[in-house]
Amino acid sequence: VLVAEEQHQRWNASGGEPDKAVVIPPAIEMPVGTGDLREELNISSDTIVYGMHQRADDGIFSQVLMPCWGASEVSKKNTCLVILGGSQLYRQHAQQLGLQNVFFLDSTGDVDRVHKFLNTVNVYTHARKDGEQCSSSIIEALYHGIPVIGHDAPSMGHRDQIKDAGFICSTFGEYADAIDKLYEDSLRKEMSKLARKQYRETFSLDSVVEAYTKIYDSI
């Protein structure tokens, strides 16, 4: 069992037998909790919130997100960018660029707080230096119906995760444009529906369990 199609292709290319492999994403149970962090951060209900969460690791820090946020037109409107966790380099980068409307929250192992954060976010701005094969954070964003923006990286499994529920960007300009496009209410709502559909059909716990059941039944 491999977690992404790109991983599957690499496995085949290195001598794996295609008939003995299947792609199934990791099983992630989602909490039922509600609530968000807008009151805590003093963010109004009509503010469009962009953001991501990431482990505190300098090795995966991406230099893409902060310059693209600064270059976007909507960063000067009724918006903000919120980063939960992540490397301290994000804070330093934002300070160096003189960015406004950016909030930083400390890393947490509290699953309920992570999902309150996701309930706060309207657009998930994924950024990671080495890319992803099958990102749990993207799966969580899709569950919450959040469109996802991602960028090219050495590992591109997240392309198949996002599909038509967001944008994969090859340049800084494309990423900044995607931030601007998803400020548009109608596009954001359309991609939100596609995100939920992508989660339900591919990444939901039910679909993962069904995929494993088919393996055992076939044996």
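Glutamate 40 is partly exposed, at 48% relative accessibility; buried here means under 20% relative accessible area, exposed over 50%, and partly exposed in between, with a 1.4 Å probe and protein chains only. The side chain of glutamate 40 forms a salt bridge with that of arginine 113 (2.8 Å, N to O), where a salt bridge is a side-chain nitrogen of Lys or Arg within 4 Å of a carboxyl oxygen of Asp or Glu. Glutamate 40 belongs to helix H2 (residues 38-41) and arginine 113 to helix H5, so that the pair links distant parts of the chain, 73 residues apart. Arginine 113 counts as partly exposed at 23% relative accessibility. Helices (H or I, at least four residues) and strands (E, at least two) are DSSP runs, numbered from the N terminus.

The model is predicted: local features need pLDDT of at least 70 and side-chain atom pairs count only at pLDDT 80 or more, whereas totals for chains, interfaces and linings use all residues. Residues are numbered from 1 along each chain as its sequence is written, and side-chain values use heavy atoms, with hydrogens and water left out.

**Salt bridges**

The structure holds 13 salt bridges. Side chains of opposite charge can pair when their charged atoms come close.

| Glutamate 17 | Lysine 20 | 3.7 Å |

Glutamate 17 is partly exposed at 45% relative accessibility, and lysine 20 is exposed, with a relative accessible area of 62%. Aspartate 106 is exposed at 58%, while arginine 91 is partly exposed at 26%. A network of salt bridges links Arg128, Asp130 and Glu132.

**The sheet**

Six strands form an open sheet in the order S3-S2-S1-S4-S6-S8, with parallel pairing; two strands pair if DSSP finds at least two bridges between them. Strand S3 (102-105) and strand S8 (166-169) are the edges, and each has a single partner strand, so one side of each lacks a neighbour in the sheet. From one strand to the next the twist averages 20°, with axes fitted as lines to C-alpha atoms, for helices over the stretch in contact, and angles running from 0 to 180 degrees between N-to-C directions.

Strand S1 is largely enclosed by the rest of the structure, because seven of its seven residues are buried. Ile48, Tyr50, Met52 and Gln54 point one way from S1, and Val49, Gly51 and His53 point the other way. S1 pairs with S2 in the parallel sense over seven bridges, and methionine 52 stands opposite isoleucine 83 in S2. S1 is joined to S4 by two bridges, the strands running parallel, and glycine 51 stands opposite tyrosine 124 in S4.

Strand S2 (residues 79-85) is joined to S3 by four bridges, also in parallel. Here isoleucine 83 stands opposite phenylalanine 104 in S3.

**Helices on the sheet**

Helix H4 (residues 88-97) packs on the sheet, touching strand S1 (48-54) and S3, and its direction makes about 160° with that of S3; contact means heavy atoms within 4.5 Å. Helix H5 (residues 111-120) lies across S1, S2, S3 and strand S4 (123-125), at about 150° to S1.

Histidine 93 is located in helix H4 and is buried, with a relative accessible area of 13%. Apart from neighbours within four places in sequence, histidine 93 is in contact with Phe61, Gln63, Met66 and Pro67.

**Aromatic pairs**

Three aromatic pairs are found in the whole structure; rings of Phe, Tyr and Trp (its six-membered ring) pair if their centres lie within 6.5 Å, and planes under 30 degrees apart count as stacked, over 60 as edge-to-face and the rest as tilted. The rings of phenylalanine 61 and tyrosine 90 are edge-to-face, because their centres are 4.8 Å apart and their planes at 70°. Phenylalanine 61 is in the loop between S1 and H3 and tyrosine 90 in helix H4, 29 residues apart. Phenylalanine 61 is buried at 11% relative accessible area, and tyrosine 90 is buried at 0%.
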